[in-house]
Amino acid sequence: MSLRAAGPPIAVGLAGLALWEATVRLGRVASYVLPAPSAIADQFWASRAVVLSAGLASGTNALIGLLAGSVLGVLVALAVSRLRLLSEVSVPLAALVNALPIIALAPVLNNMFDAASSVPRRIVVGLVAFFPVFVNTLRGLRQVQPIHQELMASYAAGGWTFARLVRLPGALPFVFTGLRQASSLAVIAAVVAEYFGGLQDGLGARITSAASLTAYPRAWAFVVGACLLGLVFYLTTLLLERLAMPWRTRISP
Amino acid sequence: MRRRLAAAAALTGAALLISACGTADAEPDGGDATGGTATVKVQLQWFFQAQFAGYIAAVEQGFYAEEGLDVELIEGGVDIVPQTVLAQGQADYAIAWVPKALASREQGAQITDVGQIFARSGTYQVAFADSGISGPADLRGKKVGNWGFGNEFELFAAMTQAGLDPGSDVTLVQQQFDMQALLRGDIDAAQAMSYNEYAQLLEAENPDTGELYTPEDFTVLDWNEVGTAMLQDAIWADTSKLDDPAYQEQTVKFLTGTIKGWAYCRDNPEECRDLSVAAGSTLGASHQLWQVNEVNKLIWPSSGGIGLIDEADWARTVELSLATKNQDGQTVLTAEPEGLAYTNDYINQALEAAAADGVDVTGSGFTPLTVTLNPGGA
């Protein structure tokens, strides 16, 4: 993104922050309703070490869940795309998994597994990440051009060779579309899953704890931390996409 | 350019909306000009249960009505912060723990403790008797459950006192509001209220014996004994409205009715159990009778009269709030409370009024019941 293109959004963002600050100061909004950006920035800086360690804890859960969910999504898509019957039942089934609300899932998983471990949270993230990767990959795998298919058939290529050389590379743009969606969702899921108990080591636990003491500037500081974590995940995925597909220079979604 | 202007206008509009619904300025209150029955909204800090039996009884037995008040009790929940509801003018009074309410005051919530109903802390840390945990120092290296939401500072104070850093010497685990994590062994010690979660343990079946667990199966760390107890259920009023004679009068009336309600539950625990169950408490009748009885122990006997704020207890609560650090090094308060954080003016008038009506406001002859819990609290 050029400097010219980045200018307007940055200007609008800064103007918004200034307006927010002015509203809180001039309108004297109680800080338990809406803290000023300057108060949030102060808290963010004062708590930077905690934001980092909590971000690492939530980020680890998000990363492990994202990797597991994505690998599973690609593998299931590969299997399903080979079998027509499976393919017909799998998409509604996956949609069902996707419709499971985190707030229903997290407490159940906390009860099923050791509540003092990170396993339930990682499973929540994995399930959330699975759906976009699976659906997009499946769509990509079905877009194999007939001429490629015929070529591989003429070589008498096996199923895995065909998948590795033709179907997966062809589906790569779609896989990354799914990954991009999943990366942000993974962070959201990891933070929200912490609202339902378990280890008090992440950003979500900090947000609820600060909010319950009416320490809203601190709560917002951790929200900013969660936003930054989501951004890191998203940008990393964009970077990987670019590295994996250097022939595609377009990076904006 | 036009688009940018529109965006700016939209932002301004949103900002104005936000400022309109929550200014820090006191809003003029019309009060009750007609002189008839005044409607009073009270925000509880949790679901209907015997923890609030005195208020429920005062409504159902007509003690508030005798004072000319039509009291509406509003149920709380996990995400409801009663003192914020009060400060935003959505309730006339709120029931909240003192440290949390003081934290909200420090953030600008204009509220005052006008009646300290619970004189003692009901919070325990419970472990299995064979866990080797017999004091706060034994929590080192253990998985220590707590609820978060600001309910954990007595525990942190006890750990700090025992030389433990809550951030590094223990593994903190946020519990659900049941005791499954302790019973399953996921955590080594769990937070429990004497009147609620502790009873849930004694209502659960021990898989080894097929019988219910007994108190002998557990070790209880009681913060009243450890010395880190902080004041809990208090009645909070709107500080800015306390200048208004009508609100002052209403506060005394509300406290008078409340005193009568709690005295009724002391003398008639079974009736208050039934009222709590009828109000919609989810756990069963034996659990609610246990709860009435345990809550009575937190109130009675009350040497100065129910609701009177003891200065030493208050000072200890403030001191612990200032000194106790959580796992991130933050304290509940950063400075001594400013302004009218508490006052005994109204509770003293209410105690006089209730005593004049023949109510025993100290309960010096109070003896608790022995309650038998049934499986699952039924």
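**Interface of chains A and B.** I began with the contacts (heavy atoms within 4.5 Å) and found that 36 residues of chain A are in contact with 41 residues of chain B. I note that this is a predicted model, in which local features need pLDDT of at least 70, side-chain atom pairs count only at pLDDT 80 or more, and totals for chains, interfaces and linings use all residues. Residues are numbered from 1 along each chain as its sequence is written, chains are lettered from A and ligands numbered from 1 in the order in which they are written, and side-chain values use heavy atoms, with hydrogens and water left out.

I then looked up the buried area, the accessible area (1.4 Å probe) that two parts lose on being put together, summed over both; between chain A and chain B it is about 3200 Å², with 53% coming from carbon and sulfur atoms. On the chain A side, A:Tyr32, A:Gln200 and A:Leu213 lose the most area to chain B, together 23% of what that side buries.

I counted two salt bridges between chain A and chain B, a salt bridge being a side-chain nitrogen of Lys or Arg within 4 Å of a carboxyl oxygen of Asp or Glu. In one salt bridge, the side chains of A:Asp114 and B:Lys143 meet at 4.0 Å, N to O. For polar contacts (a pair of N or O atoms within 3.5 Å; within protein, one must be able to donate a hydrogen and the other to accept it, and residues adjacent in sequence count only if both atoms are side-chain atoms), the rule finds ten residue pairs across this interface, both residues at pLDDT 80 or more.

**Strand pairing between chains.** I took helices (H or I, at least four residues) and strands (E, at least two) as DSSP runs, numbered from the N terminus. S1(A) pairs with strand S7 (residues 171-174) of chain B in the antiparallel sense over two bridges, and DSSP must find at least two bridges for strands to pair. Within S7(B), B:Gln174 stands opposite A:Gly198.

**Chain A.** I recorded ten helices and one strand in chain A, running α-α-α-α-α-α-α-α-β-α-α from the N terminus on. The C-alpha trace of chain A spans about 75 × 50 × 30 Å along its principal axes. Of its 253 residues, 47% count as buried, where buried means under 20% relative accessible area, exposed over 50%, and partly exposed in between (1.4 Å probe, protein chains only).

In the salt bridge of A:Arg25 and A:Glu21, the closest N and O atoms are 2.8 Å apart; the two are four residues apart in helix H1 of chain A and so separated by about one helical turn. A:Arg25 is exposed at 55% relative accessible area, whereas A:Glu21 counts as buried at 15%.

**Chain B.** Which residue forms a salt bridge with B:Asp357? I found B:Lys260, with the closest N and O atoms 2.7 Å apart. This pair links distant parts of the chain, B:Asp357 in the segment after helix H14 (345-356) and B:Lys260 in helix H10 (residues 245-267), 97 residues apart. B:Lys260 is buried, with a relative accessible area of 8%, and a network of salt bridges links B:Glu66, B:Glu67, B:Lys260 and B:Asp357.
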